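Grab a pencil and let's work through a few exercises together. Have a look at the structure first, then try each task before you read its solution.

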Amino acid sequence: MAHRFCHPKGRENCMDLRSLNIEGCFQVSDAGMNEIAVNCTRLRNLDVFLSGVSEQGFDRLLRQCPDLQSVKLGSRGNCHHMILSVCNNVKDLKAISIHDVIPFDESEPVVDDLSLWRLCTCFPGLTAIDLTWCCFITDDALFALPFCCPNLASFTVRECHQISDRGVRAVLQICHANLSTVHLERLYNITDVLALSPEEFKPFSNLTYLKVIDTSISDIGIAKIAEKSPNLETLIVGEHCLNPYNIHGGFISTVAKTCQKLKRFKLYSGRMTDSYLTAIGENLPFITDLYLGDCRDCTSEGLESIITHCRWLQILNIQTCAHMTSDTMVLISQNLRNLRELEILNCRSITTLDVLELKRKLPMCDIRY
């Protein structure tokens, strides 16, 4: 990339560059960023995650690109310095993603509560924030978001292990009207308390995307959030790391009846039952992406409810179902004409001939078995 900018024609062609993504480009160094800083002053979106850019190179770029609206940080433990550069140079930031790391040296600065408070104070128009691996922030940091940035629409917190119900709850309570995306992951101090006070828990009229992975929220908590989110389009829940699991699937009936606009649903833990499949089939006919996971307790009746009612399905995942047979495959070929991906792992009754026959009837469908 640096060579491209060294060429005179390259400079001319990239003068109007608005988005630059060098994520994972370890060999892109400050020299390349200096070329960009001189020639690409109209940048709006910048991603330097896991790149070779230092805080000095990043600072020089920002001095030339004050109109940045979106940045993604996190390369070599220099997020703290980069946040200061953003605060000092950018005029009106709208979105930021911060992937911090635990420092090798105790003297190295980290992203802490003061860092986040300063960021939010500088950019009251912030609408999206992603905090990942920010191990030194606490609930006090999250209080800055709703009070300083009331128009927050996208809220992601992952693997920030000092965050609890108190901080997340403050964001959800105050920003509930604008939030469209909420992603909580590997936050083991987040529990059902987050959602169990109906008099305080406000409706999420604009929430379309909810992802809750590896928290201490149970089926009850997910159901309570769903009840307040009638416009939900994507729901991804479950646990990869916890044992015993907190989420089993008991929320599915509530989601199916409340979230009529749901298009994508994925459950990564718990077992499906016929009652869950029937609830989905009867209430969510327009769903397009469905990850059912473990269906060992389901019968052909439950599968038929999904296949005959959800005819807009493009992606379907069914695992470990003994009642998935050649007859089921025929039913799929007759009803799911839009299907593009079918995953039927550990469905022992399915043979290679069954798969080939379905592939013949649905040639555009990618089948994994």
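**Exercise 1.** Over which residues does pLDDT stay under 50?

*Solution.* Start with what you're looking at: this is a predicted model, where local features need pLDDT of at least 70, side-chain atom pairs count only at pLDDT 80 or more, and totals for chains, interfaces and linings use all residues. Residues are numbered from 1 along each chain as its sequence is written, and side-chain values use heavy atoms, with hydrogens and water left out.

Next, the score: pLDDT is the predictor's confidence in each residue, from 0 to 100. It stays under 50 over residues 1-11. Where pLDDT is low, the predicted coordinates should not be read in detail. For the protein, the average is 89, and 93% of the residues score at least 70.

**Exercise 2.** Find where Glu 239 sits, and work out what its side chain reaches.

*Solution.* Step one, the place: Glu 239 is in the loop between β9 (234-238) and α11 (252-258). Helices (H or I, at least four residues) and strands (E, at least two) are DSSP runs, numbered from the N terminus.

Step two, burial and charge: Glu 239 is buried (under 20% relative accessible area; exposed is over 50%, partly exposed in between, with a 1.4 Å probe and protein chains only). Glu 239 has no salt bridge (a side-chain nitrogen of Lys or Arg within 4 Å of a carboxyl oxygen of Asp or Glu). The nearest side chain of opposite charge, Arg 186, is 12 Å away; here Lys and Arg count as positive and Asp and Glu as negative, while His and the chain ends are not counted.

Step three, the reach: the side chain of Glu 239 gets to the backbone nitrogen of Asn 246 at 2.9 Å.

**Exercise 3.** Describe the salt bridge between Lys 266 and Asp 289.

*Solution.* First, the idea: side chains of opposite charge can pair when their charged atoms come close. Lys 266 and Asp 289 meet at 4.0 Å, N to O. This pair links distant parts of the chain, with Lys 266 in strand β10 (residues 264-267) and Asp 289 in strand β11 (residues 289-294), 23 residues apart. Now check the cover: Lys 266 is partly exposed at 23% relative accessibility, whereas Asp 289 is buried at 9%.

**Exercise 4.** Which strands does the bridge between Arg 368 and Glu 341 tie together?

*Solution.* The closest N and O atoms of these two side chains are 3.5 Å apart. Arg 368 lies in strand β14 (residues 366-368) and Glu 341 in strand β13 (residues 341-343), so the pair joins parts 27 residues apart in sequence.

How values were computed:
A polar contact is a pair of N or O atoms within 3.5 Å; within protein, one must be able to donate a hydrogen and the other to accept it, and residues adjacent in sequence count only if both atoms are side-chain atoms. Contact means heavy atoms within 4.5 Å.
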